[in-house]
There are 2 protein chains.
Amino acid sequence: MLDPSKIPGTAPAGPIHRLSRVGMPVVGMVGGGQLARMTAAAAVGLGTTFRVLAQAPSESAALVTHDVAIGSHLSLPDLAGFAAGCDVITFDHEHVPADHLLALEKAGTLVRPGPGSLRYTQDKLSMRARLAALGVPVPRFAPVSSLADVAEVGRGEWPVVLKAISGGYDGKGVWVASSAAEAAEVLAAAAARGVALMAEEFVPFIRELAALVARSPSGQGAAYPIVATMQVDGICREVIAPAPGLNRELAIEAQAMALRIASALDVLGLLAVELFETPRGLLVNELAMRPHNSGHWTIEGARTSQFEQHLRAVLDLPLGSPAPAVLGGYTVMANLLGGTDPDIYDRYIHVMAADPGVKVHFYGKEARPGRKIGHVTIVGAPGQDITSLRDRARRAASYLRWGTEDGD
Amino acid sequence: MLDPSKIPGTAPAGPIHRLSRVGMPVVGMVGGGQLARMTAAAAVGLGTTFRVLAQAPSESAALVTHDVAIGSHLSLPDLAGFAAGCDVITFDHEHVPADHLLALEKAGTLVRPGPGSLRYTQDKLSMRARLAALGVPVPRFAPVSSLADVAEVGRGEWPVVLKAISGGYDGKGVWVASSAAEAAEVLAAAAARGVALMAEEFVPFIRELAALVARSPSGQGAAYPIVATMQVDGICREVIAPAPGLNRELAIEAQAMALRIASALDVLGLLAVELFETPRGLLVNELAMRPHNSGHWTIEGARTSQFEQHLRAVLDLPLGSPAPAVLGGYTVMANLLGGTDPDIYDRYIHVMAADPGVKVHFYGKEARPGRKIGHVTIVGAPGQDITSLRDRARRAASYLRWGTEDGD
């Protein structure tokens with residue numbers, strides 16, 4: 001394992017800005033999904049007061065958080081009313097309009113991460129341009145409005161990746177166009193909806209990795225071990241921490257890169273950097289400035305979970321150790337996706353009975369095909385065979401989907 | 001580590017009694033203290049709905065639980081109203097009157113542990129008598145109403161331990177009488193208040209240990225590693241898991257004894273058995289049928305925390321593995337007691353800054369001298385020196401008490 005204090009770019013702890021005079025400070029998280037839900041659980045131990053702004057009382061985090069405000073993240077009055085009861089606000093997603101974030105900050109709310117950082121998660125073109133300007137390796141990219149533009153990015157080769165610069169349509173924001181005809185179709189559909197697109201070269205990666213770091217207002221940084229992520233149809237299915245067989249220099253490079261991006265983009269809280277490992281080195285794919293699916297393994301697998309770390313960072317508390325809980329062992333996380341049967345309680349019982357060492361996390365969400373309804377984590381012992389850990393995690397995940405197409 | 005399936009008395013998993021038809025079942029915990037608070041956090045991951053019956057909205061668990069009912073555990077209508085919204089009820093303390101427990105059970109509420117088991121935590125004389133009848137080693141004891149009775153239990157030697165059979169007075173239930181005069185004083189004070197007493201021989205123990213086991217309605221059992229507990233003035237200060245240097249046969253004996261007691265007393269949920277290690281073997285001191293201070297280390301130190309385990313047991317879900325999170329390592333837990341300064345935020349920051357690997361748990365309680373306001377846990381690596389782990393835990397605990405008499 002890497003010692004975070006040895007990573008270039010990790011600043012030492014600076015002065016601490018005390019947020020509370022006598023009691024514990026109040027953190028408000030905008031968004032009521034499973035990330036807020038797991039942050040609520042982390043706040044219990046930390047002793048800080050935690051509030052959630054959810055759209056409905058049935059949302060994942062709203063089911064377990066003591067202090068829930070119901071409102072829309074698209075409404076400035078809802079946001080301002082929520083922020084008025086918090087010492088600092090943070091986010092479970094990146095869908096709060098940039099203007100609202102600026103208005104909140106102008107009104108004196110501590111917004112962490114701030115609007116100047118969050119814009120890079122809302123505008124993929126700015127993100128790519130900014131990273132490229134920083135010298136961070138990214139796939140070749142350009143804004144596109146015609147087939148000729150797309151072809152130029154692909155240098156005549158297919159596939160080419162098309163992305164909505166902000167948002168998307170039909171619930172999608174990324175398309176892999178295998179031919180000019182497919183690209184033309186996406187261009188036409190986006191134009192009809194007024195959605196601006198960008199294109200990126202298709203990167204033939206070896207595998208996908210993710211770097212997770214935290215940064216606090218005092219400038220303290222903490223880097224988690226680099227993990228390998230396995231996606232199917234654009235959905236994260238499995239995470240292995242640390243990434244098996246990853247070259248040590250590449251791991252340090254990835255951690256340092258994430259810390260450098262966090263610093264350059266003034267990120268407060270967590271920054272997750274999705275990476276492609278390619279024969280020519282690392283390329284940055286996406287950024288997220290919040291707890292991330294690739295970091296769920298940290299609840300059991302690291303000394304400080306990403307959820308606690310995010311709270312510590314946005315509160316400017318000293319950061320916790322990102323070291324693995326078990327040195328020299330692997331942790332495997334598998335997402336639980338819903339199947340066609342909404343009644344999962346029997347399966348839930350059997351998953352527990354089959355493997356007392358599997359740690360099951362449920363999000364309180366109704367099971368629907370393909371929906372993330374929970375995850376399982378297995379922490380291995382030092383030197384333990386990774387195949388058996390993955391088999392156990394997959395067996396638990398598969399059993400819960402039994403009966404659906406790919407619930408094997 | 002011991003394999004629980006190899007412990008005599010560990011029953012295999014029996015049939016699972018499904019508590020829920022489609023959704024997740026609802027567990028209600030009577031009592032709003034820190035045990036309920038930490039159980040609430042465990043329920044988040046488990047995905048079950050968790051309710052708390054607290055006496056006031058300011059109680060530790062009421063501050064973080066989504067679904068809080070305010071009422072008294074001494075009021076049958078309050079208890080019945082609370083139970084009506086739960087599939088099963090359980091407890092954060094042993095102060096619900098036995099008659100109320102029986103009335104709830106008679107009305108069809110699933111009460112776990114049941115009244116027949118809980119009476120042994122409410123009546124120390126019955127507990128001692130029952131354990132003695134089971135052949136479990138206990139200190140010599142007898143109900144007492146005169147100095148002659150006390151002297152007989154002590155066989156003329158002092159000190160002798162006096163205990164209120166139920167409850168106590170002036171916030172105390174245990175007195176160590178160093179002389180006949182002291183015993184006479186306690187007898188007189190108790191008689192004046194109508195409190196029945198029992199006496200026990202004073203056991204010159206080597207150290208105190210605790211066994212923690214879970215038992216489910218299907219008869220499944222799970223035994224955690226035996227821990228050493230360090231008390232000062234009757235308050236638990238520190239727990240080391242597993243108990244350093246404990247003879248392997250004695251550890252297995254303690255686990256087996258706890259499982260046997262759980263089975264004989266039909267305990268559903270957790271059973272904590274406080275033990276004296278003496279030159280003539282183990283003696284049972286006290287029983288608790290709920291999460292216990294001696295088990296807080298399991299949040300980080302075991303694969304399944306005692307809080308999750310208690311929920312699983314009372315729901316008749318398959319039990320989780322009680323194995324340590326790090327095989328071959330020690331986990332140290334130290335309680336955080338309040339000092340004279342109610343403003344602990346600065347100290348809180350410094351504890352985190354001084355040791356990023358310490359895991360801090362705060363209970364949301366106002367700091368008052370000697371009050372348990374939280375705990376810290378440090379999980380060591382295999383083979384790591386226990387002295388350094390204890391020093392780190394004590395440093396964190398001491399720093400928070402700075403300025404008080406014994407905050408050294």
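Guide: A:Asp316 counts as buried, because it has 24 C-beta neighbours inside 10 Å. The cut-offs are these: a residue is buried if 20 or more other C-beta atoms lie within 10 Å of its own, exposed if 12 or fewer, and partly exposed in between, with C-beta atoms placed from the backbone. This is a predicted model, in which local features need pLDDT of at least 70 and side-chain atom pairs count only at pLDDT 80 or more, while totals for chains, interfaces and linings use all residues. Residues are numbered from 1 along each chain as its sequence is written, and chains are lettered from A and ligands numbered from 1 in the order in which they are written.

A:Asp316 is not a glycine, yet its phi is positive, at about 55°. Most residues other than glycine have a negative phi, and most peptide bonds are trans. The loop that holds A:Asp316 runs between α10 (306-314) and β15 (331-337) of chain A. Helices (H or I, at least four residues) and strands (E, at least two) are DSSP runs, numbered from the N terminus.

A positive phi near 55° also occurs at B:Asp233, again a residue other than glycine. B:Asp233 sits in the loop between β11 (227-232) and β12 (235-241) of chain B. B:Asp233 is exposed, because 7 other C-beta atoms lie within 10 Å.

Two loops contain a cis peptide bond. One such bond joins A:Arg112 and A:Pro113, with omega about 0°, and A:Pro113 belongs to the loop between α3 (98-106) and α4 (115-122) of chain A. Another joins B:Trp158 and B:Pro159, with omega about 5°; B:Pro159 is in the loop between α6 (147-154) and β6 (160-164) of chain B. In chain A, the loop between α6 (147-154) and β6 (160-164) holds A:Glu157. A:Glu157 is exposed, with 10 other C-beta atoms within 10 Å. The C-alpha atom of A:Glu157 is 8.9 Å from that of A:Glu201, although the two are 44 residues apart along the chain.

Helix α10 can also be followed in chain B. There, the axes of α1 (residues 34-46) and α10 (residues 306-314) come within 8 Å and cross at roughly 70°. Axes are lines fitted to C-alpha atoms, for helices over the stretch in contact, and angles run from 0 to 180 degrees between N-to-C directions. The angle makes α1(B) roughly perpendicular to α10(B). Angles of 65 to 115 degrees count as roughly perpendicular, under 35 as roughly parallel, over 145 as roughly antiparallel and the rest as oblique. Among the residues that meet are B:Met38 and B:Ala42 from α1(B), and B:Phe307 and B:Leu311 from α10(B). Contact means that the C-beta atoms of two residues, placed from the backbone, lie within 7 Å.

The contact between the chains takes 41 residues from chain B and 41 residues from chain A. On the side of chain B that touches chain A, α1(B) gives the most, with 6 residues. That side divides into 25 nonpolar, 11 polar and 5 charged residues. Ala, Val, Leu, Ile, Met, Phe, Trp, Tyr, Cys and Pro count as nonpolar, Asp, Glu, Lys and Arg as charged, and the others, Gly among them, as polar.
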